[in-house]
Amino acid sequence: MRGGIGSSTAMSTEELDCGRERTGKKRKLFIGKEVEVRSMEDGLLGSWHSGTIIGYDYLVRDVQYEMLDEQTGESLIECVDVSCAIEGTSIADTDQRNYRGRIRPLPPQCDFGKWNLHYGLCVDVLFQGAWWEGVIFDHEDGLENRKVFFPDLGDELTVGVDNIRITRDWNEGTGIWERSPNWLFLELIEEYEQDWPLNVSVKQIWYDVREKKGYEKVKEWTFQSDHLWRELVREAVADNFRITLNKICCMLKPEVFGNCHAVEPIGSTSPLDGDMMMINCDSNATDSVDWSVGLVDELVENGGSDASFQSTNPKG
């Protein structure tokens, strides 16, 4: 496999520390301050739009955007709710692991080289006058044009590196800017790929993960919790493998697997975890769907691709 997440040349200390301005417990974002506001509209999710604070009240900021209203030709103005941390009544009133702010100052300018854009790195892409949050989605380090995937929308776009900036997160309580971590979802996918065949695209697995019941605990794709992400990815990979293996089994004659036993996994442990249990398929089964479902479920839950099979003759 080509270089994985984080395998490219690391950022310098100066780049990582740029924008580290501590503001502490005080009100932030006053009149005249240039800001970016994250859109909550369908079709614009994950995009940050530039504007200026023109008014404020408790837990509210009035923002005049640079964009113009298509009907009136005048600048758009929006009343944006802010957190207690921005208001200065608390250092932090949210769980920073899955919190995405709605408004922030303009991110600090930080230079980077085209070799610093590694697979899975969180970046912003300048497109149609806004900065869209995404992740580098190829391994073509050093090229002038890169593929970027936008998890909020599920879309992919090829863009020039001149229209890319590295995503930075603003802590509303401390006022410190930090570089966003790599997308944990892709890190887990790469980990599972070492031992498990991904029979569908990474994007398809992402679409499936978002439909999982447990995703409501994650809330945001930027959430940093290894345990929750690992469980969601495991379920999505298992479901897709189960569907594919069932299709294969249904195309084969039942007698091919009639006396097939799954034995202990060989090599490393399957990413789907669990101890391999012995499977005794019914050699008298005639419905290919019935016997294949049991086989697939045991494989998915217990052995994965590390399980080997041996055929035994019941007649000795």
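I took buried to mean under 20% relative accessible area, exposed over 50%, and partly exposed in between (1.4 Å probe, protein chains only). The model is predicted: local features need pLDDT of at least 70, side-chain atom pairs count only at pLDDT 80 or more, and totals for chains, interfaces and linings use all residues. Residues are numbered from 1 along each chain as its sequence is written, and side-chain values use heavy atoms, with hydrogens and water left out.

**Entry 1: α3.** I listed the buried residues of α3 as L184, F185, L186, L188, I189, E190 and Y192. Their cover includes β7 (130-136), α4 and α6 (226-251). Helices (H or I, at least four residues) and strands (E, at least two) are DSSP runs, numbered from the N terminus. Contact means heavy atoms within 4.5 Å.

**Entry 2: the whole chain.** I noted 8 helices and 14 strands in the protein chain. Of its 316 residues, 44% are buried. Among contacts with a separation of 6 or more, 63% are between residues 24 or more positions apart. The accessible surface comes to about 16,500 Å², and carbon and sulfur atoms hold 49% of this area. Accessible areas come from the Shrake-Rupley method with a 1.4 Å probe; for residues, only the protein chains shown count as cover.

**Entry 3: aromatic pairs.** I looked up the aromatic pairs and found 14 in the structure. The ring centres of F149 and W183 are 6.2 Å apart and their planes lie at 20°, so this pair is stacked. F149 belongs to strand β8 (residues 145-150) and W183 to the loop between β12 (177-179) and α3, so the pair ties together parts 34 residues apart in sequence. Both F149 and W183 are buried. W183 also pairs with W221, edge-to-face, at 5.5 Å centre to centre and 80° between the planes. Because W221 lies in the loop between α5 (215-218) and α6, this second pair ties together parts 38 residues apart in sequence. Rings of Phe, Tyr and Trp (its six-membered ring) pair if their centres lie within 6.5 Å; planes under 30 degrees apart are stacked, over 60 edge-to-face, and the rest tilted.

I recorded a relative accessible area of 1% for W183, which is buried; W221, at 3%, also counts as buried. One aromatic cluster is formed by Y119, F137, F149, W183, F185, W206, Y215, W221 and W229.

**Entry 4: charges over rings.** R104 lies over the face of W48, 3.6 Å from the ring centre. The charged end of R165 sits over the ring of W131, at 4.2 Å from its centre. The criterion is NZ of Lys or CZ of Arg within 6 Å of the ring centre and within 35 degrees of the ring normal.

**Entry 5: V200.** I placed V200 in the loop between α3 (184-193) and α4 (202-211). V200 counts as partly exposed, at 25% relative accessibility. Not counting residues up to four places away in sequence, V200 touches I205 and N240.

**Entry 6: F30.** I located F30 in the loop between α1 (13-17) and β1 (34-38). F30 is partly exposed, at 38% relative accessibility.
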